[in-house]
Number of protein chains: 2
Amino acid sequence: MEPTLDVVGVGNAIVDVIVTVPESFIDEHDLVKGAMTLIDAERATTLYAAMPPGIEASGGSAANTAVGVASLGGSAAYLGKVRNDQLGDVFAHDLRAAGVAFDVSPALVGDPTARCLIQVTPDAERTMNTFLGISAFLDPADIDDAVVESGRITYCEGYLYDTDEAKAAIHHAMDVARAAGRLVSITLSDSFCVDRHRDEWLDLLADKVDLVFANEAEIGSLFLTDDFEAASRQITDLVPMAALTRSAKGSVIVTPDERIEVGASSIERVVDATGAGDLYASGFLYGLARGASLAHCAELGSIAAGEIISHIGARPHVALAGLVAGQ
Amino acid sequence: MEPTLDVVGVGNAIVDVIVTVPESFIDEHDLVKGAMTLIDAERATTLYAAMPPGIEASGGSAANTAVGVASLGGSAAYLGKVRNDQLGDVFAHDLRAAGVAFDVSPALVGDPTARCLIQVTPDAERTMNTFLGISAFLDPADIDDAVVESGRITYCEGYLYDTDEAKAAIHHAMDVARAAGRLVSITLSDSFCVDRHRDEWLDLLADKVDLVFANEAEIGSLFLTDDFEAASRQITDLVPMAALTRSAKGSVIVTPDERIEVGASSIERVVDATGAGDLYASGFLYGLARGASLAHCAELGSIAAGEIISHIGARPHVALAGLVAGQ
C-alpha cells in the first residue's frame, strides 16, 4: 500500500506553560538553563507556584513538528497520550485544528496530561521542566500500526526513552515502519537525554534509524566529544543521513557521501528559542517526503525554525506554506 | 478600621481561550461581533471544535482589573469562583503570581472553571463567548466580608448579574462595602448585558453605586439613546461619578459638577482590544484609591488600556508601574 501521509510523529503529548523571567530566576530555582529537565508532580507544583503569570499553549516536540508539517501544506498524524482532562482537551483540539490527525484515545484514569513549565529568559533561551504525567504511559497498544504504515516518514522523539512504556512504544513504531518499508527518523531531543541513553541509542541508531536530527550539544554528547566535525563524521557510520542543527550557524546535512551546509534564516529579533529544533524538523521532513533535494530540505527547515523563534511559543503563528511558497 | 487594600474586585473567574480568525469566521458561526455572549456547555464544545489552535490565558473582567491595579503598584484582592480543576489552578496561580490576594475556596463539585472563547479579528476587535461554568455559582457565602471591608474601593462586574447566585453575591459585597464606608463601583460590562438588566440597574446605580464605568454602547443602552452627550448628563442623576470610555477618543469623567475629557494613549498598532475597559478601570481605580485628581485617574486609565491593546491577551506584559512613573 502506498503511504497517504507525509509524516507520523510519535512523542510526549504536552501542554506548555510559558513565562518570561529574568536571568536570576534560573539560578534561584536551580534550573538547568537551556535544557529539558524531568520533574515530578511535587516539584511541578512548587516551581509553578514560584513562576510569574503565564500562558498555556499546546507543545510536545514531535507534536510541534507534526503541526509544522501541516502548516507547510503537508499531511501529518500524531501518536501520543493525554488524559481526559482540560489540558488534554486543549492538546487534542490544537492538534486537530492545525490539521494533524490525532486519534489516540485519552486515558480515563491515571496521571493528568503532561505539562512543561518553560522559562524564557531575556536572551531568548528557553529552560524546560517537564512533568510527564500520563504521556509517559504511551505504550505499544497506543501505536496504531495502520497510522504508522500510512506515513512516508515516522518521526520519534528521543524524549520517549525516559520511560519503559514509551520506549517500548517507540520500538514498536519503528519496527512497524521498517516492516512497511517506511523511513524511520528520530530526534536526539536534548543533550542530557542523550547522556541518559547513550549506549542504547548508539545501537538503536545503527539498527533501526534512517535519519537522525541533533543539535551540536546532542551529537557531541552522543560521541562524548566537543569536536563537531568529528561527531558529524562519526554519525555517518551509524545512519544513512543526519541533519545537524547549529542555531544561528544553520545546519549541516551529512550522509556517507555528502556534506551540505545551509545557513539559518535571518531573523530581526530572536524572541523565544522554544520549538526551533522541532520546526526545523518539520521543514526538513516535509521536503524529504515530497522529494526535495537535501539542501532544499534544510532550507525549508531554516525557514520554519526562523518563524518559530520570532515569537513566544512553539507552534506557528502564520501558515508556513506562505513563507516557503516559491522557495 | 482603615482599609489596607486599594481595590477589591468581584467577578466571574474565567480562563480565556484566544484565537485569531478571519472576519468570515464571525459570520459563519453566528457570533455577535464585539460583544460578550453567554453560551452553554454544548455550544462551547461545538464552537471550540470549529476554532483554530489557540492559547489559554487567565481572564475575567474584574480579575484583569485587579491584576492591573497590582501591576501599577497598588494592592488588590479578588473574589470569584473556580473549580478544583486544571483551568482553576491556572486562574488562581496567575492571580496570585501577579500579586493579587485570592482566597476563595475552589468548588469541589459542579461545573468546571469558566472559559471564554475569544475570537480576535484583523481589525483588533474581540468577540467573546463565555461558558460561565462554576463561576456563575459565586454566592454571598463566597464573599469574605473582611476582604471587602479591607478595600478602599469595591469594584464589581455587571456580568455577575446574569445568574441569581452571583447577583446576590454582588449585592452582598456592595452592602458590606457601603456599611464599612467604602466606595462602591461597577462596570456595566457589555451593552447586551445592560439590555438584559436595564431596569434593575437603574435602581442599583441610584441605590448602591458611587462610581460607574461604561463605554459609549453601554451608557447608550442604559438610557436607550444614541446621544452620548445626553446619556453622560443623565448618568449624573444616578451616581456621583461616572468614567465613560470612548475607545480611540479617550474618556469622559462626569460628576454632577464636573466634566473632564482625557485623550487615549497613542498606540502604534492596536492588536487586540480584549481587556481595554478592564485595564482602563485599573488605572482609574488605582489613581482614585491613591487620591489623584480625576483627570489624572483618567490618564492612568488611558496608559493601562494602551498597554493592553498593543498585544494579544488581557493581562499586562510589562509592569504598568514603569509606564506611569513620573506621570
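1. Two residues count as in contact if their C-beta atoms, placed from the backbone, lie within 7 Å. By that rule, 19 residues of chain B touch 19 residues of chain A. Strand E4 (55-58) and helix H4 (86-97) of chain B each supply at least two residues to this side of chain B. H4(B) gives the most, with 6 residues. By class, the side holds 11 nonpolar, 4 polar and 4 charged residues. Ala, Val, Leu, Ile, Met, Phe, Trp, Tyr, Cys and Pro are nonpolar, Asp, Glu, Lys and Arg charged, and the others, Gly among them, polar.

2. This is a predicted model: local features need pLDDT of at least 70, side-chain atom pairs count only at pLDDT 80 or more, and totals for chains, interfaces and linings use all residues. Residues are numbered from 1 along each chain as its sequence is written, with chains lettered from A and ligands numbered from 1 in the order in which they are written.

3. Chain B has an open sheet of 9 strands with mixed pairing, in the order E6-E5-E1-E9-E10-E11-E12-E13-E14. Strands pair if DSSP finds at least two bridges between them. Helices (H or I, at least four residues) and strands (E, at least two) are DSSP runs, numbered from the N terminus. The edges are E6 (101-102) and E14 (259-262) of chain B.

4. E10 (183-187) and E11 (211-215) of chain B pair in the parallel sense over 3 bridges. B:Thr187 has B:Phe213 of E11(B) as its bridge partner.

5. H11(B) packs on the sheet, touching E12 (241-245), E13 (251-254) and E14 of chain B.

Notes
Axes fitted to C-alpha atoms, helices over the stretch in contact; angles between N-to-C directions.
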